[in-house]
Structures are given as C-alpha cells and as structure tokens.
Amino acid sequence: MIRSVVRGVGSALPRRIMRNADFEGMVETSDAWIVQRTGITQRHIAADDETTASLGEAAARAALDAAGLTAQDIDLIVLATSTPNHTFPATSVEIQERLGMRHGFAFDLQAVCSGFVYAVTTADLYIRGGLAKRVLVIGSETFSRLLDWSDRSTCVLFGDGAGAIVLEAADGEGTLADRGILAASLRSDGTHKQKLYVDGGPSTTQTVGHLRMEGREVFKHAVGMITDVIEATFAAGGITADDLDWFVPHQANKRIIDASARKLGIPEEKVVVTVDLHGNTSAASVPLALSVAVADGRIKRGDLVLLEAMGGGFTWGAVLVRW
Ligand code: UT7
C-alpha cells in the first residue's frame, strides 16, 4: 500500500522575541502569572515585513533543504492558517509563487489550532489517492495581528511562526512497522464556536476582528477532547501509549499538555514541549515543535510519533506517524 512518509521538516520564527516582562507595562499582568498559568516565558512577534506568507515560505524552504528536494519536486502545497495574508487568493498560492513553483496546485485549510493535524491528514489522502506524490504541508500564523493588546486574558498567550514538512509517497506493507502516516482521527463541534473566535470577518463585519476567548471554558473541555481523539487514534492504529516514542501536542498551555499526557499514561520524558519559547502559534505549533525535536536529535527515523491539536470551533484531532 502507499504510505505518506516524512522526508523533511523545517521552521521559521520572526526575529523579534517578546518576553513576559515586556507585557508588564502594557496590561495588568506579571511574568509569574503567565509562567504559572501557561508555562510560557516568551514568544516571537512578526514585524511589518514578516507575514504568514514570508514565514511559511522560509519554513517550506527549510523543509525542502532537509529533504534534499526543491519546489520543482512538489505537486501540492497545503497551508494550514487562520491568518492569511489576504482574504483571497489563498496564501498557499502566494507561497507557491515565492518558491518559484508554476506547476501543481495549492490551497489553504482553516481549522485554527488543529489546522496542521487536519492538513497532514488531508495531504495523506491526496497521496494515497494518487493525486500527488510529494506534498509540502505548512502551518504558518501571525496571530499577533488578531490580538487585542489591551486584553490581558489573551494577548499574553499567542505568538507567530511557521513550520513545514515534506510528505512523499512510498511503498508500505500495511503494517505498524511501515514508515509514514499510520492512523488519524479528526473531530469538530460548532456548538462551541463562541468560546474561541475572532469577532470580525469579510461576510459579517468587513473587518479582520480580534481574537476572543473564554479561556477557562476552553481549558475545561480541552483535556477530555484531546484524550478522546488520541484514544480513537490508538484504536485505529492498534497501539497503546506504551508503543509511542514521542508525543508532540499542540502547544497552548503547559498545564493542558501535562494533564493530557498524565491521563493517557505518557511519561514526561516522551513529551515535546516548546510552548515555553513560542507561546501558542496555532496551526504552526505542532510543526514548530517537530522541527525542534528533530533538530536536537530526539525524533529519529523509525520513531513512533503522535501529533495532536485542539482549538477554535472546536476542532480537534490526532495523527500517528512513524518517522
Ligand atoms: O489553542 C487553542 C486552545 N486554547 C487553549 O487551550 C487555552 C485554554 N485556556 C487556558 O490556557 C487558560 O484558561 C488560561 C491560561 C487562558 C487562563 O488560565 P486559568 O487558570 O483558566 O485562569 P482564569 O481564566 O480562571 O483566570 C484566573 C484569574 C482571573 O481573575 P479573577 O477573575 O480570578 O479575579 C483573570 O482575570 O486570572 C486573571 N487573569 C490574569 N491575571 C494576570 C487572566 N489573564 C491574566 C493575566 N495576568 N495575563
């Protein structure tokens, strides 16, 4: 059977780092509160010349370099983002142009913080369906552009950045020993849409709007939803938590990551955490974390890796991949 194998991973972060102490004169908050409630110590914030397209392009180039490929080898670009450069055309098409790619096709996918997990699953189906042989899957966000900088309950939580992987069709045996995407599970439930949303949009206010979140409500649902979808993915893959080498969760809050891992019986040493350095970068958080753990030698070829995300909608999902 055809499997979608990861050939390379890359990432890009804005130049400017904003530390917790930098908020202290802006809103009523403290480094101690932010660290204790979220685990975040700093985040990167895009300058005017850094956009979802430019960060996505840089991450894509890094992933192509790691794969030993060029844009000419790619058939499809799937970009997960909720912060496109323009309402349309899709920012993925702008990245396609920036990469000098005149063939193939590109589209954006919007599932907020779950976007990368949805995009990997989508790319895997294009590959296994025979429509593409090599796919660039990118998560790129500039959430700083959606923030209400006077709202302490949200502005301290988010950051900007991008991560990307190259997926390639390869022959597999159809067993758990295969490299590539082995199982996935996706969910959404729009009855929660008011708990985490942006209060603007082209068809309603004709403005970009600002991010609004009932943090406590999101927190309340997060761990249960995350563990449910992971258990569904374990069942689909025929594995248990003991088989995992690495857990790479969405990086929204260290307390959510710790509680989910504890409930699933995944030991702390197997959990990749980058929320301390990046904050919540929405669809970029999982590929950014992957990029860090591959670069520092933790994730190696043959490892069994679980990706997970949960966010606005709500949307949530998990993907099991043998690296
Ligand atoms: O990526 C999509 C998924 N998003 C998430 O997973 C986010 C989920 N939610 C969270 O991570 C947490 O709910 C937060 C980090 C947003 C908040 O933590 P919490 O422990 O749930 O705090 P809380 O909302 O219950 O607020 C506790 C107190 C409140 O004051 P009162 O009402 O108790 O007087 C807040 O007003 O903390 C206050 N507060 C702050 N204080 C200092 C809220 N934001 C801040 C702040 N600095 N930045």
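A polar contact is a pair of N or O atoms within 3.5 Å, and within protein one of them must be able to donate a hydrogen and the other to accept it. This term is needed further on, for one residue of the model. The structure shown is a predicted model.

The whole chain comes before its parts. The protein chain holds 9 helices and 13 strands. Its radius of gyration is 18 Å, close to the 20 Å that the globule rule gives for 323 residues, so the chain is as compact as a globular protein of that length. Along its principal axes, the C-alpha trace spans about 55 × 45 × 40 Å.

How the chain packs can be described with a few totals. Of the 323 residues, 56% are buried. Contacts between residues at least 6 apart in sequence can also be sorted by separation: 76% of them join residues at least 24 apart. The accessible surface of the chain is about 13,300 Å², and carbon and sulfur atoms account for 51% of that area. As for charge, there are 31 positive and 39 negative charges, and their mean positions lie 1 Å apart.

Thr-315 is a place to look in detail. This residue belongs to strand β13, which covers residues 315-322. Is Thr-315 buried or exposed? Its relative accessibility is 9%, and buried means under 20%, so Thr-315 counts as buried. A polar atom of the Thr-315 side chain lies 3.0 Å from the backbone oxygen of Ala-111, which is within the 3.5 Å limit for a polar contact. Ala-111 is also one of the residues that Thr-315 touches beyond four places in sequence; the others are Ser-114, Tyr-118, Arg-187, Ser-188, Ala-309 and Met-310.

Which residues of α9 are buried? They are Ser-285, Val-286, Pro-287, Leu-288, Ala-289, Leu-290, Ser-291 and Ala-293. Just after α9 comes Gly-297, with a positive phi of about 90°.

Helix α7 spans residues 254-264 and contains Ser-260. With a relative accessible area of 1%, Ser-260 is buried. Apart from neighbours within four places in sequence, Ser-260 is in contact with Val-223, Ile-226 and Thr-227.

Methods: Residues numbered from 1 in each chain as written. Predicted model: local features only at pLDDT ≥ 70, side-chain atom pairs only at ≥ 80, totals over all residues. Heavy atoms only, no water. Helix = DSSP H or I, 4+ residues; strand = E, 2+ residues; numbered from the N terminus. Rg over C-alpha atoms; globule rule 2.2 N^0.38 Å. Buried < 20%, exposed > 50% of the residue type's maximum accessible area, 1.4 Å probe, protein only. Contact = heavy atoms within 4.5 Å. Areas by Shrake-Rupley, 256 points an atom, 1.4 Å probe, with all protein chains shown as cover. Lys, Arg positive; Asp, Glu negative; His and termini not counted. Charge placed at Lys NZ, Arg CZ, Asp CG, Glu CD.
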